[in-house]
Amino acid sequence: MQTIPFAGGARIVAAPGLCTARLGDRKVTRDDEVCAVGHALRLGCRLIDSAELCGAGGAEDVVGAALAASGLARDAVLVVWKVHAHRASRAGVQAACRRSLQQLGRANFDLDLLHWRGAAPRAGTVAGFEDLWRDRLIRHWGVSNFDAADLEALWHAPDGSRCAGNQMYCALTAR
């Protein structure tokens with residue numbers, strides 16, 4: 001299985017992963033979706049990429065149920081979670097993360113990402129991530145879909161250089 005190192009020598013994770021976009025959108029398909037995620041876990045998938053906006057939180061319910069039923073140890077599956085840009089204030093990042101952890105039934109996330117740049121000042125977003133890291137609610141933090149200018153601005157924010165990575169959009173349907 002392929003592995004990818006995080007920036008700064010952080011934990012190495014298995015790739016590819018399972019994206020949860022469109023999971024949890026409809027309650028009538030929940031049980032089938034839990035089964036599908038469980039099947040992916042049984043086949044060896046060890047990276048799940050989720051976000052608060054997937055299924056308006058419904059994806060978190062699906063993933064949480066599949067993880068609980070899998071019997072896998074906590075550290076056997078890496079969960080990446082994304083906060084939406086409109087919640088990217090210091091308090092917004094923290095509140096959204098805590099809600100999602102509760103929904104997923106987890107004590108922490110392995111990697112917490114800011115999903116797209118948005119208009120919130122980077123210093124507040126980074127401070128929110130750093131607070132979550134100090135409280136051990138996240139193990140690493142980063143961003144997704146940032147271009148070079150966005151990353152440059154991030155690195156100039158206090159503690160911005162602690163960003164573990166930038167997840168780029170590369171769905172098969174977009175290639």
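In this predicted model, helix α3, covering residues 90-104, packs against helix α4, covering residues 122-134, at an angle of about 40°, and their axes lie 7 Å apart. That angle makes α3 oblique to α4, and the crossing in which α3 passes α4 is right-handed. On the α3 side, the contact is made by Arg-90, Val-93, Gln-94 and Cys-97, which meet a set of α4 residues that includes Gly-124, Thr-125, Ala-127, Gly-128 and Phe-129, as well as Asp-131, Leu-132 and Arg-134. Sorted by class, this contact of α3 with α4 comprises five nonpolar, four polar and three charged residues.

Turning to α4 itself, its 13 residues should span 18 Å at 1.5 Å a residue, and because its end C-alpha atoms are 18 Å apart, the expectation and the model agree. The buried residues of α4 are Arg-122, the run Thr-125, Val-126, Ala-127, Gly-128 and Phe-129, and then Glu-130, Asp-131 and Leu-132. Just after α4, Arg-136 adopts a positive phi of about 65°.

Elsewhere in the chain, Glu-33 belongs to helix α1, which covers residues 30-42. Glu-33 has a relative accessibility of 12%, and it therefore counts as buried, the cut-off being under 20%. Once its neighbours within four places in sequence are set aside, Glu-33 is in contact with Arg-22, Leu-23, Gly-24 and Val-62. Glu-33 and Ala-66, although 33 residues apart in sequence, are 8.7 Å apart in space, C-alpha to C-alpha.

Definitions and conventions
Residues are numbered from 1 along each chain as its sequence is written. This is a predicted model: local features need pLDDT of at least 70, side-chain atom pairs count only at pLDDT 80 or more; totals for chains, interfaces and linings use all residues. Side-chain values use heavy atoms; hydrogens and water are left out. Axes are lines fitted to C-alpha atoms, for helices over the stretch in contact, and angles run from 0 to 180 degrees between N-to-C directions. Helices (H or I, at least four residues) and strands (E, at least two) are DSSP runs, numbered from the N terminus. Angles under 35 degrees count as roughly parallel, over 145 as roughly antiparallel, 65 to 115 as roughly perpendicular and the rest as oblique. A crossing is left-handed if the near helix is turned anticlockwise from the far one by less than a right angle, and right-handed if clockwise. Contact means heavy atoms within 4.5 Å. Ala, Val, Leu, Ile, Met, Phe, Trp, Tyr, Cys and Pro count as nonpolar, Asp, Glu, Lys and Arg as charged, and the others, Gly among them, as polar. The expected span of a helix is 1.5 Å times one less than its number of residues. Buried means under 20% relative accessible area, exposed over 50%, partly exposed in between (1.4 Å probe, protein chains only).
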